[in-house]
Amino acid sequence: MLVVLAIIWAVFYSQSPAYLSFQNLTNLTLQIVTTAILALGVVFVLLVGEIDLSSAVLSGVCAAVAAGLTVNSGLPLPVGIAAAVAAGMAVMFVQAQAVMFGVPSLIVTLGGMVILQGLILVVLPPEFTISVAGTPFATIASAAIPAGTSYALAAVATLAFVAYRLFQYRERLSTGSLASLTTIIVPSALVAAVLFGGVFTLTRQRGLPMPVLIVAVMLLIAWYVTTQTRYGIHLYAVGGDREAAQRAGIPVRRMVLYSFLVLGACAAVAGMVDASRQLGVSVTSGSGPLMLNAIAAAVVGGTSLFGGRGSIWSALLGALVIGSISNGVQLLGLSTEVQYFATGSVLIIAVAVDVVLTRGALLPGRR
Amino acid sequence: MTVDSEPQLSDPSDGGPHSTPLLELRKVSKHFGGVRALHEVDLTVHPGEVVALVGDNGAGKSTLVKLVSGVERPDTGEIRVRGQHARLDSPRAAAEAGIRTIFQDLSLCDNLDAVQNLFLGQERHGPVWSGRRVRRHVMEEQARRVLESLSVKLRSLNTPVVALSGGQRQGIAICRALISDPAVVILDEPTAALGVSQRGEVLDLIGRLREQGRGVVVISHDMRDVRQIADRVVVLRLGTRVAEYRRGGYTPSELVSAMTGAHEPSDD
């Protein structure tokens, strides 16, 4: 999928060199933040073999809760954030109960989406909009980390990565397993290149935007949890074969619940970041193409709709692919239909690839 | 028709060829509603012994496996493990008592690799503050040892098991059972749906389990398998044990007629 991204970038760059300017790359990054955070949560749910349609609208509801508490009721920002995250997880808890009861998650979350569209009208004040301009809430998106601090953060992150790899290397040596120093050097160089390149690009204007840091931290935690812990293995096991996971003593239902709770928290964060960027919450928050973009991002990035396959990075990669298309189309002044055609085609191709990888052929009985 | 080719089996407390039996069932019965699935069945498994359990469909083989693996509880009768009375109320309890069952579908997660499958549900992990970080290097090392002990050869421990052959998958399923070092291993139709060479591989695996001194119960439809590996054959029909043979003490047609209850060979 990196190849697809490179092709997309090359095509747009050939049409307009401004596409790969620092300014546009920063714009692009900020445009995909909401989708990426939501897609991250969607990946957790897809990995256990479920699906969700309600989280985008839920993100609007959570943003309304946070903005209502902080802007209209004057509570401190951390309280509003905590309340929004709690609300997101509570809604997902209820939906997960219905899923564990045996109702297909597609139906549960479809119904949940409609109910949440009603709920946002209840949560919002009578004028159906909360403006957050000029309040502490707006600083979630507008805050920026100075370039110097950002480089220091990148350096710390790189060092931490190298240290963790070295730790694993020594662990493997201690049990006489195969271990090679290339598994430290090559990934470390890659990580350093991405981190410093990213910081260099994104601090051209005002320093590193806060939403970028939020996404980075969430991705980092999600990477650790899904690939390095027992929880991660169980997550993939439940998505791979529920029966087998159950027989191995894995609490399948609880794992499904956890995934929905993670998505609830992600939806809340996505909603708050989005509201802060848009400087307000309204009835339309979380509506529009956000939900389908988040699912499409996860799938385009390589997460299977059938569960058990995919990675955290698919959220970022897929959001980048989809965001790159819409950003480029807008930059070139092409009409909106071109954007829809291109995004839709990429989605279909990605799912086709997924089916071929899973089953070996698009249609059964060919092999 | 009852073919008790060995006088010893009517008396299960008799000790057998070795010392205490690893697993012993005494007059175990199980009913499902009004259906009699098992009626006063006796079974003993000794260390280093392969016992084949054969019978037609509905003979009670799967019920017996369910009782011993802790999925179902017997209505009456007693299950003893290493001479001690055992209550196998759950699969976990059975595993703790030292009985591991490998079901016909193997219960492997196709998307996970060999190491993850071997330790599924019993991962070696770090403390809670590390988020129960999986100690992959410890698991890999142990996995390599277990796989080696049964001569299961894998090109890589990191490939998802979906890419492996049927024999390798069966090998991983058996090795998974061995992670907790069980005394008794029960295999449900281990060679069903396997090719000829893979079937040979699996029969070799079973032989190595015997060499390790474990008790092995094999449920099988395949008379060739039974003749090749079983030290003892127990025949079930309609929920009762109708016959038991020692290795070499029977002919295939005797076995078939015991299974089907047919007196004439034509009545198949």
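Predicted model: local features only at pLDDT ≥ 70, side-chain atom pairs only at ≥ 80, totals over all residues.
Start with chain B. Strand E2 (residues 23-32) pairs with strand E5 (residues 76-81) of chain B. The two are antiparallel and share 5 bridges. Within this pairing, B:Leu25 has B:Ile79 of E5(B) as its bridge partner. E5(B) also joins strand E6 (residues 84-85) of chain B, through 2 bridges and again in the antiparallel sense. There, B:Val81 stands opposite B:Gln84 of E6(B). E5(B) and E6(B) form a hairpin, with 2 residues between them. In the turn, B:Arg82 has a positive phi of about 50°.

Now turn to the rings. Over all chains, the structure holds 9 aromatic pairs. One of them joins A:Phe22 and A:Phe200, with ring centres 5.5 Å apart and planes at 85°, so this pair is edge-to-face. A:Phe22 lies in helix H2 (residues 22-47) of chain A and A:Phe200 in helix H8 (residues 182-202) of chain A, so the contact ties together parts 178 residues apart in sequence. A:Phe22 is partly exposed, at 36% relative accessible area. A:Phe200 is partly exposed too, at 36%.

A:Tyr164 and A:Phe167 have ring centres 6.4 Å apart and planes at 35°, so their pair is tilted. Both lie in helix H7 (residues 147-174) of chain A, 3 residues apart, or about one turn of the helix. A:Tyr164 is buried at 18%, whereas A:Phe167 is partly exposed at 42%. Together with A:Trp223 and A:Tyr224, they form one aromatic cluster.

Charges meet rings as well. A:Arg204 lies over the face of A:Phe22, 5.8 Å from the ring centre. The charged end of A:Arg247 sits over the ring of B:Phe103, 4.4 Å from its centre.

Methods:
Residues numbered from 1 in each chain as written. Chains lettered and ligands numbered in written order. Heavy atoms only, no water. Pairing = 2+ DSSP bridges. Helix = DSSP H or I, 4+ residues; strand = E, 2+ residues; numbered from the N terminus. Phe/Tyr/Trp six-rings, centres within 6.5 Å; stacked < 30°, edge-to-face > 60°. Buried < 20%, exposed > 50% of the residue type's maximum accessible area, 1.4 Å probe, protein only. Lys NZ or Arg CZ within 6 Å of the ring centre and 35° of its normal.
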